[in-house]
Amino acid sequence: MTTKKQPPVKRAPEEPVGRPENPFISTEFFARMRDYTERDAAFSKEIKAIGERGAGKLSTDARTAPSLEPLRGVIKKGLPLKDMFGRIVQGVESGLWEPWLTAFGFELRGVNYAKTGARNARLALDISLASKATTVFANAGIPNWRSLVAEDCAQIQIEKPTEKTPAKAYAIFWLDGAD
């Protein structure tokens, strides 16, 4: 044993870390991964990557977000989603907003119901495994839609699974957010 003091360990200066990459944004990677991974495991991996990366905040208004384009043209309850968004912004037929949005997998998390001024609606798109939006995106040929939606949205909310409830994940969008 020596009685000499050891020199302090020199650490490399830490570089600022940016947002982690989400490999699921690549459709090719997603397709390769799905070839050898079960559906539930693939979902778990994608949600984990989305959670680590966080919301991209590229286009937080649900009326203009490019990732929501396949949804905006679909007609349910007699109206396309883009018209429903327009009626919410105008403030008409407020009693119908929640049932309209539910048909697409959206929840109305908060809204200004005042007759004047912006609605400032906060919409949560269900991006979990059993989302109603999955079939629309699958029919449009977009298998990695969750990752694409996460890049546009304002916020990601992930609820961990329990013994009785499955994992839930939401992408939060705004209407009238920056108007």
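Analyst: A salt bridge is a side-chain nitrogen of Lys or Arg within 4 Å of a carboxyl oxygen of Asp or Glu. This is a predicted model, in which local features need pLDDT of at least 70 and side-chain atom pairs count only at pLDDT 80 or more, while totals for chains, interfaces and linings use all residues. Residues are numbered from 1 along each chain as its sequence is written, and side-chain values use heavy atoms, leaving out hydrogens and water.

User: What makes Arg-63 and Asp-61 a salt bridge?

Analyst: Their side chains meet at 2.7 Å, N to O, and that value is within 4 Å, so the pair qualifies. A search of the whole structure finds six salt bridges. Among them, Glu-93 is joined to Arg-87 with the closest N and O atoms 2.7 Å apart, and Glu-107 is joined to Arg-109 at 3.0 Å.

User: How do you know whether Asp-61 is buried or exposed?

Analyst: By relative accessible area (buried is under 20%, exposed is over 50%, partly exposed is in between; 1.4 Å probe, protein chains only). Asp-61 has 14%, so it is buried.

User: Why is the pair of Phe-137 and Trp-145 given its class?

Analyst: Rings of Phe, Tyr and Trp (its six-membered ring) pair if their centres lie within 6.5 Å; planes under 30 degrees apart are stacked, over 60 edge-to-face, the rest tilted. The centres of Phe-137 and Trp-145 are 4.7 Å apart with planes at 0 degrees, so this pair is stacked. Phe-137 is buried at 1% relative accessibility, and Trp-145 is buried at 2%.

User: What is the class of the pair of Phe-24 and Phe-29?

Analyst: Edge-to-face: the centres are 5.3 Å apart and the planes stand at 80 degrees. Phe-24 is buried at 5% relative accessibility, whereas Phe-29 is partly exposed at 23%. Ring pairs also bring in Phe-30, making a cluster with Phe-24 and Phe-29. The structure holds four aromatic pairs.

User: How do you know in what order the four strands form the open sheet?

Analyst: From the pairing, since two strands pair if DSSP finds at least two bridges between them. Strands (E, at least two residues) and helices (H or I, at least four) are DSSP runs, numbered from the N terminus. S3 and S4 share four bridges, S4 and S6 share six, and S5 and S6 share five. The order is S3-S4-S6-S5, with antiparallel pairing. S3 (106-110) and S5 (155-159) are the edge strands, each pairing on one side only. Partners across the sheet include Leu-108 with Leu-123 of S4, Ala-121 with Leu-175 of S6, and Gln-155 with Ile-172 of S6.

User: What makes S4 largely enclosed?

Analyst: Five of its six residues are buried, so S4 is largely enclosed by the rest of the structure.
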